[in-house]
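Please look over the sequence and the 3D structure shown here before reading on. The report that follows takes up the surroundings of the ligand and then the fold of the chain.

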Amino acid sequence: MQALRITGTVVHGDGRGHGLGFPTANLQVSELSCPDGVYAAWVRLAAESSWREATVSIGDNPTFDDVTDTRVECHIHDFSGDLYGAMATIVLVGLIREMRAFGDVAGLIEGTAADLLISRRMLSASPPPTPCAESAGDCVEPGLE
Ligand SMILES: Cc1cc2nc3c(=O)[nH]c(=O)nc-3n(C[C@H](O)[C@H](O)[C@H](O)COP(=O)(O)O)c2cc1C
């Protein structure tokens, strides 16, 4: 798949992520041109110059009836911290699977854990985008323009 880049500000989600064991940074984006699904991705926080590994969920979280809009949720691997208000850039490198409605929360947790294993494997075979300057917006990923 051609790498796709998404930039947005981290906003509050429904607060379920921590309870599920997979906290996510929910990105508010102005436009989105990629299909719903779960992706392996690189993410860069505006305050940082290096890329972090992540698994990204895009969709309306159909396991839960109360989500009616499309969410871009980024689970940054091996990261904990408060990112609200931060700008982040995501580069999607590969589709793991379609978004789906799990029968229960246990199924969602199991599915997400499996996604992370696949994501790590995909990222180990896909190097991070080219080094970036300190300021956001200076990165150019091959094939994105
Ligand atoms: C790797 C990953 C895969 C996900 N896959 C699904 C999915 O297939 N179906 C779904 O309903 N939600 C999926 N989600 C979204 C979760 O439902 C969501 O992160 C959780 O409800 C927390 O949302 P919150 O941040 O709004 O509290 C996924 C999240 C992650 C991080």
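## The shell around the ligand

Sorted by class, the shell around the ligand holds eight nonpolar, twelve polar and five charged residues, where Ala, Val, Leu, Ile, Met, Phe, Trp, Tyr, Cys and Pro count as nonpolar, Asp, Glu, Lys and Arg as charged, and the others, Gly among them, as polar. Of the 25 residues around the ligand, those that come nearest are Gly 13, Asp 14, Arg 16, Ser 57 and Thr 63; a residue is near a molecule if its C-beta atom, placed from the backbone, lies within 6 Å of it.

At least two residues of this shell are supplied by each of α1 (17-20), β4 (52-59), β5 (71-76) and α2 (105-124), and α2 gives the most, with four residues.

## How the model is described

This is a predicted model, in which local features need pLDDT of at least 70 and side-chain atom pairs count only at pLDDT 80 or more, while totals for chains, interfaces and linings use all residues. Residues are numbered from 1 along each chain as its sequence is written.

## Helices, strands and their pairing

The protein chain has two helices and six strands, which follow the order β-α-β-β-β-β-β-α from the N terminus; helices (H or I, at least four residues) and strands (E, at least two) are DSSP runs, numbered from the N terminus.

Strand β6 (residues 87-97) pairs in the antiparallel sense with β1 (residues 4-11) over six bridges, and β3 (residues 37-45) pairs with β6 in the antiparallel sense over eight bridges, pairing being called when DSSP finds at least two bridges between two strands. Within β6, Leu 92 stands opposite Leu 4, and Leu 95 stands opposite Tyr 39.
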